[in-house]
Amino acid sequence: QAEAAFGDIRPGDFDAVVFVPSSNSEFLHEPDVAPAAVMATQRTTLRVLTELSKFNVCLAAIGNAVFVLARYRVLDGHAATGPEWTVARSEFGTVKWDASQPVVTSGPDGQFVTAFNIQSATPFVEHIHASARKRAAGD
């Protein structure tokens, strides 16, 4: 059980928010959910990600979860890496994909951290920690 709903997140409470792949990929396709509910969830996700980004919270994603940050335009104009199927999507054309690196940090003070897959977990966490430290030092 979650401690808080995603829509209730307050940006000032976090130095970093990390998105990890889901075992059932519900964030990719929700066939059994009514369209109105899907649209409401998408609006909430966009609002929260926009607030977190504006508040300079480190936003990180690994593997298939990179799709979430790309889909909601958080990575527009920034360098990132991710699974081949995400990198190949033309609608994410403003993301500066760098498939040569297992972990890519970009944005102001390393605000965005993306990793290709779970094999990159250790450097991924190290990049997130460095980014969060920068934010904590700025308080």
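The largest nonpolar core of this predicted model holds 23 residues, among which F19, L49, L52, L59, L69, L75 and W97 touch the most other members. A nonpolar core is here a set of buried Ala, Val, Leu, Ile, Met, Phe, Trp, Tyr and Cys residues joined through side-chain atoms within 4.5 Å; buried means under 20% relative accessible area with a 1.4 Å probe, protein chains only. Two or more residues of this core come from each of β1 (16-19), α1 (35-54), β2 (58-62) and α2 (66-71). The greatest contribution, 5 residues, is that of α2. A second, separate core comprises 8 residues, including C58, V103, A115 and I128.

Leaving aside neighbours within four places in sequence, L59 is in contact (heavy atoms within 4.5 Å) with V17, L49, L52, S53, L69, V74, Q111, F112 and V113. For the chain, 60% of the contacts between residues at least 6 apart in sequence join residues at least 24 apart.

The chain contains 4 helices and 6 strands, arranged along the sequence as β-α-β-α-β-α-β-β-β-α. These elements are DSSP runs numbered from the N terminus, with helices (H or I) of at least four residues and strands (E) of at least two. Of its 139 residues, 35% are buried.

Residues are numbered from 1 along each chain as its sequence is written, and side-chain values use heavy atoms, without hydrogens and water. Local features need pLDDT of at least 70 and side-chain atom pairs count only at pLDDT 80 or more, whereas totals for chains, interfaces and linings use all residues.

Methods
Buried < 20%, exposed > 50% of the residue type's maximum accessible area, 1.4 Å probe, protein only.
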